[in-house]
Amino acid sequence: MNKNWWKSAIIYQVTLSSFLDGNNDGIGDFIGLEKKIEYIKDLGANVIWVSPHYSSPMDDNGYDVSDFYQVNKRYGTLEDFKSFVKASHKIGIKVITDLVLNHTSDEHLWFQKASNPLDIDYQKYHDYYIWQKPKYKDGLRVRPTRWLSWFGGPTWDYVEACDEYYLHIFSKKMPDLNWRNKEVREEMKKVVNFWVDLGVDGFRVDAANHLEKNWDFPDGYPGYENFSSLPKHHDYIKEFGEEIFEPRELLTIGESGGASKEEALKYVGFDSKEFNLLIHFGHVWADTGPDNKIFNGKWAKSNLRVQDIKKSFQHWYDMLVGKGWNLIYWHNHDHPRIVSHYGNDSLEFREISAKMLAISLYFMPGTSITYQGEEIGMTNLLYEDINDFRDVEVFTEYKNFLERGATVEMALQALRDRSRDNARSPMQWNASAYAGFSKIEPFMKVNFNYLDINVLKESQNVSSVLNTYKFILNLRKEDAKNISYGALEFLDIENEENFVYRTIGPDKEYLILSNFTDKTIEVKLPVVALSGYEYFYSNSSFKKLSTTNVLKPYEAYVYIKKY
Ligand code: NOJ
C-alpha cells in the first residue's frame with residue numbers, strides 16, 4: 001500500500017441517521033449505507049467518513065457517546081457495522097469513523113460514577129471530568145465562570161450530590177473529559193485500537209483543539225480562549241499519533257477551528273506526529289457580519305465576501321505547501337447546504353450554481369471531502385415550525401434570539417439560513433414517499449423539494465449536478481498527479497464576483513473561471529495568461545478563452561494547458 005494514498009483520497013462524508021434507512025424504522029443505518037457503497041464508489045470516492053456510530057442518547061447527533069464499544073442500536077448491530085466495513089473494503093473503499101475524544105454523554109457509565117459520591121469508584125471517575133466548586137454572590141450560588149458553551153448556554157452545570165459544577169463546552173449532556181488524567185487517555189487509546197482491530201482505516205477526530213483547558217478557570221465572557229487551542233492539546237494528539245495513529249498507519253483528520261501557520265504545521269506538517277489532514281473553517285462563514293443586538297457569531301448573516309473564500313483557500317495552500325498537506329471541502333454536517341449558502345437555491349439558478357460550486361472547488365489541490373447530498377445540489381430546509389428542527393443547538397439559540405427581541409419569524413429565518421439541521425435532513429434518493437429514504441415517516445422531515453431534487457432524477461440527465469460531480473471527482477482521482485498534487489494560484493483574488501484560479505501540475509495546468517453572482521460579469525485576463533489553454537469543461541457550453549470572458553450568472557469554465 002502506497003504510504004501516501006490519502007494525499008489524493010476522495011472522501012465522502014455520511015451522516016448515518018439521514019443517509020438511508022435499511023430496516024424501515026425511519027432512521028438511517030448501516031444496512032442502508034452498505035446498500036449504497038457502489039453509489040459512493042461510482043461518484044469517484046474511495047473513503048467513507050461515517051458520523052459517530054457509538055451508543056448514544058442522541059442529544060447531539062451521536063457526538064454524546066454513552067458507550068464507545070457499542071454500535072448505536074438505531075444504526076444496527078456490530079455485525080452490521082463489520083459487514084459494511086468488509087463490503088467497502090472489498091470494493092476498494094476505506095472507512096473512517098468519527099472519534100469523539102473531548103467529552104462523553106452524561107449517560108456514560110464513567111460520568112454516572114463520577115457524579116455519584118456513593119459509588120465505589122467515585123474518586124477514580126470523578127477525576128475523569130472537570131469539576132469546580134460553586135462561587136457565591138450575595139449569598140446565592142453562581143457558576144465558577146461565565147464561559148459560554150458552543151451551543152449558546154453556560155459551560156457549567158451543577159450536581160447537587162457533589163456540590164460541584166462540571167464543565168461542558170458543548171451541551172450540558174456532554175461533560176468534558178479531563179485530558180490531563182493519563183487514565184482517560186489510556187481508555188481512549190483502547191477505544192481507538194478496538195475499532196482499528198475491527199478494520200477501521202482511520203478517524204476524523206472531533207473537537208481536537210479543545211482537549212486542554214485553562215485550569216486556573218479565570219472568569220470571562222465568552223471565555224473561548226480558556227478551552228480552545230491551548231498549547232498542551234498538541235501533546236495529547238502527538239501522544240496518540242506516536243503510539244497509535246502512525247504505527248497503525250491510520251488516516252487521521254483533525255477538526256480545529258482556527259490555526260496559525262505554526263499551529264497548522266504542528267497538526268499536519270509532514271514531520272508532525274499528529275494528523276494527516278486538518279478540517280478548519282477558514283472559508284465556511286464568509287458571509288457573517290459583526291454581532292448585533294440579536295444575532296452573534298455565525299447567526300449574524302451578512303453579504304457574501306467572495307474574496308474571503310478565495311483568500312482562505314490560497315492562505316491554507318500557501319501555509320502548507322511543501323510542508324504539509326491541504327484539505328478542501330465546501331461544507332459538512334455543521335453547516336448550511338452549500339448551494340443555499342454560497343450558490344443560489346432559486347428555481348432559476350440552483351442547478352447551475354451547484355455545478356459552478358463543484359467546478360470551483362474540486363480542481364484545487366489537496367485531499368477532498370464531499371458531504372452527502374452536496375452531489376445532487378440539496379438545499380437548506382424551509383421548516384416553518386420550531387418543532388420540525390432536531391438539533392440541540394437550535395433550541396438554545398432560538399430561545400436566545402427571542403429573549404433578545406427577535407420575532408418568531410426572524411428567529412426561524414435565522415435557523416433556516418444557518419442551522420446545522422439544513423445538512424441533516426434525509427437524503428433524497430427518488431420521488432417516492434419520503435424521498436425513498438425510508439418506507440415510514442422519517443425521524444426528521446424530508447425537504448419539500450425532493451420531487452425535483454433526488455438521485456434518481458439526477459442520474460437520468462447527463463449534465464445534471466450529480467453527473468457533474470461524478471465527472472469531476474473521477475477526474476480528480478485519475479489525474480491526481482496534476483490536481484491533488486498541483487500548485488494553487490488564484491488570479492484577481494480581491495475581486496468580489498469571480499473565482500479564478502490555476503492548478504499547476506507537472507504535465508498540465510487547469511484554469512478555472514467562475515461567476516459567483518446572479519449577474520453577467522466580465523473576467524479579464526492578461527494576454528500572457530491565455531497562451532496554450534484550450535476549452536475543457538463547463539456548466540454551460542463551449543467557449544474559447546479570451547482576454548475578456550463574458551460569464552453569465554453562475555457560469556463556470558475549465559481550460560487546460562498541456563505541456
Ligand atoms: C464538532 C462536530 O462536528 C459537531 O457536530 C459536534 O456538535 C461538536 N463537535 C461536539 O462534538
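Where is Pro-222 found? Read on to point 1; a few notes on this predicted model follow.

1. Pro-222 lies in the loop that runs between strand S11 (202–205) and helix H7 (232–245). Have a look at the backbone there: Tyr-221 and Pro-222 are joined by a cis peptide bond, with omega at about 0 degrees.

2. Another backbone spot to check is Met-58. Its phi is positive, about 65 degrees, even though Met-58 is not a glycine. You'll find Met-58 in the loop between strand S3 (54–55) and strand S4 (67–71).

3. Asp-60 is one of the closest residues to the ligand, alongside Asp-206, His-333, Asp-334 and Arg-420.

4. Now for the distances. The side chain of Asp-60 has an N or O atom 2.5 Å from an oxygen atom of the ligand. For the side chain of Arg-204, the corresponding distance from an N or O atom to a ligand oxygen is 2.9 Å. With His-103, a side-chain N or O atom sits 3.0 Å from an oxygen of the ligand. As for cover, the ligand on its own has 300 Å² of accessible area, and the protein covers 97% of that.

5. If you run a pocket search, here's what to expect: the largest pocket is the space that the ligand takes up.

6. On the overall fold, the protein has 16 helices and 22 strands. Its C-alpha trace spans about 75 × 55 × 50 Å along the principal axes. The radius of gyration is 24 Å, and a compact globule of 563 residues would come out near 24 Å, so the protein agrees with that expectation.

Conventions. Residues are numbered from 1 along each chain as its sequence is written. This is a predicted model: local features need pLDDT of at least 70, side-chain atom pairs count only at pLDDT 80 or more; totals for chains, interfaces and linings use all residues. Side-chain values use heavy atoms; hydrogens and water are left out. A residue is near a molecule or strand if one of its heavy atoms lies within 4 Å of it. A polar contact is a pair of N or O atoms within 3.5 Å; within protein, one must be able to donate a hydrogen and the other to accept it, and residues adjacent in sequence count only if both atoms are side-chain atoms. Accessible areas come from the Shrake-Rupley method with a 1.4 Å probe; for residues, only the protein chains shown count as cover. On a 1 Å grid over the protein atoms alone, a cavity is a set of points where a 1.4 Å probe fits but cannot get out, and a pocket is an open set with protein on both sides within 12 Å along at least five of seven lines; lining residues have an atom within 4 Å of a point. A molecule sits in a cavity or pocket if more than half of its atoms lie within 2 Å of its grid points. Helices (H or I, at least four residues) and strands (E, at least two) are DSSP runs, numbered from the N terminus. The radius of gyration is taken over C-alpha atoms; the globule rule is 2.2 Å times the number of residues to the power 0.38.
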